[in-house]
Amino acid sequence: KFYHSHRFGPDRAYTGSPYYCNNQNLSSLLHKHPSTSHHLSPEGSSLEEEQYWLQFSDFYTLPHITYFDDLEDLGRKIARNDPLIIRKGMISENKKRLVDFKEQMCNALLGVEANRQTPSEYRNP
């Protein structure tokens, strides 16, 4: 609710402000994909829609994130948590995610064209 009540992230969706391509009616052009299992539009701006989609965002799914309910709660958590420990945890997690991402990308590229040779490493010229 803090996120919504303070209007953080109006650019979260294409229909946020400023409007994508200056089209205020873009949400009416975006149709639900026929095979989606999501019941709410990612382009919606209601509190229910924002809360639903925020649960999938990085700051709700990654470890070592500190959540707070209001500014007083934030102050208490800043006072009792060690930011260096949080930072080290985030760095460690990002290193693991980078290794996983590289592996996933290599596997995806290998599957693009089965008979095509792909380099085992890449160097910028």
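Four aromatic pairs are found in the structure, where the rings of Phe, Tyr and Trp (its six-membered ring) pair if their centres lie within 6.5 Å, and planes under 30 degrees apart count as stacked, over 60 as edge-to-face and the rest as tilted. One of them joins Tyr52 and Trp53: the ring centres are 5.2 Å apart and the planes stand at 90°, so this pair is edge-to-face. Trp53 also pairs with Phe56, with centres 5.6 Å apart and planes at 55°, so that pair is tilted. Through such ring pairs, Tyr52, Trp53 and Phe56 are linked into a cluster.

The model is predicted, so local features need pLDDT of at least 70 and side-chain atom pairs count only at pLDDT 80 or more, while totals for chains, interfaces and linings use all residues. Residues are numbered from 1 along each chain as its sequence is written, and side-chain values use heavy atoms, with hydrogens and water left out.

Asp73 is buried at a relative accessible area of 8%, and Lys77 is buried at 18%. Leaving aside neighbours within four places in sequence, Asp73 is in contact (heavy atoms within 4.5 Å) with Tyr67 and Phe68, and Lys77 with Thr66, Tyr67 and Phe68.

How values were computed: Buried means under 20% relative accessible area, exposed over 50%, partly exposed in between (1.4 Å probe, protein chains only).
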